[in-house]
Amino acid sequence: MTTQTLSVPDAIRTRRTTRHYRPDPVPRELLEELLDLAVEAPTAWNMQDRSIVVVTSESGRRNLSSAAFGQPQPLEAPVVLVFVAETAAWEASNTDIAELAGRNGAWNAEFTAMFDSRAEFHSLHQRGLIRENAVKNAMIAATYVMLAATSLGLSSAPMNGWDPDLVKKAIGIDDRPDLAITVMVALGYSDANPPHPGRRPREHTVFAERYPADR
């Protein structure tokens, strides 16, 4: 299904965080397309160390609202996506990743050998950054979802105010210390057109070559 209504630049410019939603369900084929686009998001070394839990049941969304200190988005939006960072994914053999990349002509033998060595992941692990790496990868996928949702006529809200232990319990991974909650994204149809809160001028946050010493 392809029902794109906005270009990527237009989606970036028009996306708004939506707190309140109409009860209209998200068509299954539209949700499937969004998920297909989400898993196209890049990850370091194509490790794909992130997963998405799709929560549509009323009870599941109620639990997520409680985990988010009563925020209304999970109660009103028909779909909530929970992005999970898989901090131990790099420790598995992941031969399917390398084999597929080789068949597609994306990786040569030298690159595959570097992937198999996990040198970068060992370095991240030693520096205590392996969780951060997986969380970054999951956030990229969440960003893909929000922009794709906007382009397809849906509204969304990234949610970062929640108790991670309660979110993990709500999706059945409370016994998995190797998994981390990255963000929740509510999806549905907005009940209004939220105004743009505005952004600071680009000169305030974009710099050439070096971060300013007087900042």
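This is a predicted model: local features need pLDDT of at least 70, side-chain atom pairs count only at pLDDT 80 or more; totals for chains, interfaces and linings use all residues.
**A strand pair and a helix crossing**

Ser-155 stands opposite Gly-188 in strand β4.

Strand β3 covers residues 155-159, and strand β4 covers residues 179-188. The two strands pair in the antiparallel sense, over 5 bridges. β3 is mostly covered: 4 of its 5 residues are buried.

Now turn to helix α8, which spans residues 130-151. Helix α2, residues 28-38, meets it. Their axes come within 8 Å and cross at roughly 140 degrees. That angle makes α2 oblique to α8, because only angles over 145 degrees count as roughly antiparallel. The crossing of α2 past α8 is right-handed.

Which residues meet here? From α2 come Leu-34, Leu-37 and Ala-38. From α8 come Ala-141, Tyr-144, Val-145, Ala-148 and Ala-149. By class, this contact has 8 nonpolar residues, no polar ones and no charged ones.

Thr-143 has a relative accessible area of 36%, so it is partly exposed.

Asn-133 also belongs to α8. Is Asn-133 buried or exposed? Its relative accessible area is 11%. Buried means under 20%, so Asn-133 is buried. Leaving aside residues up to four places away in sequence, Asn-133 touches Ala-44, Asp-49, Phe-121 and Leu-124.

Key:
Residues are numbered from 1 along each chain as its sequence is written. Side-chain values use heavy atoms; hydrogens and water are left out. Buried means under 20% relative accessible area, exposed over 50%, partly exposed in between (1.4 Å probe, protein chains only). Two strands pair if DSSP finds at least two bridges between them. Contact means heavy atoms within 4.5 Å. Axes are lines fitted to C-alpha atoms, for helices over the stretch in contact, and angles run from 0 to 180 degrees between N-to-C directions. Angles under 35 degrees count as roughly parallel, over 145 as roughly antiparallel, 65 to 115 as roughly perpendicular and the rest as oblique. A crossing is left-handed if the near helix is turned anticlockwise from the far one by less than a right angle, and right-handed if clockwise. Ala, Val, Leu, Ile, Met, Phe, Trp, Tyr, Cys and Pro count as nonpolar, Asp, Glu, Lys and Arg as charged, and the others, Gly among them, as polar.
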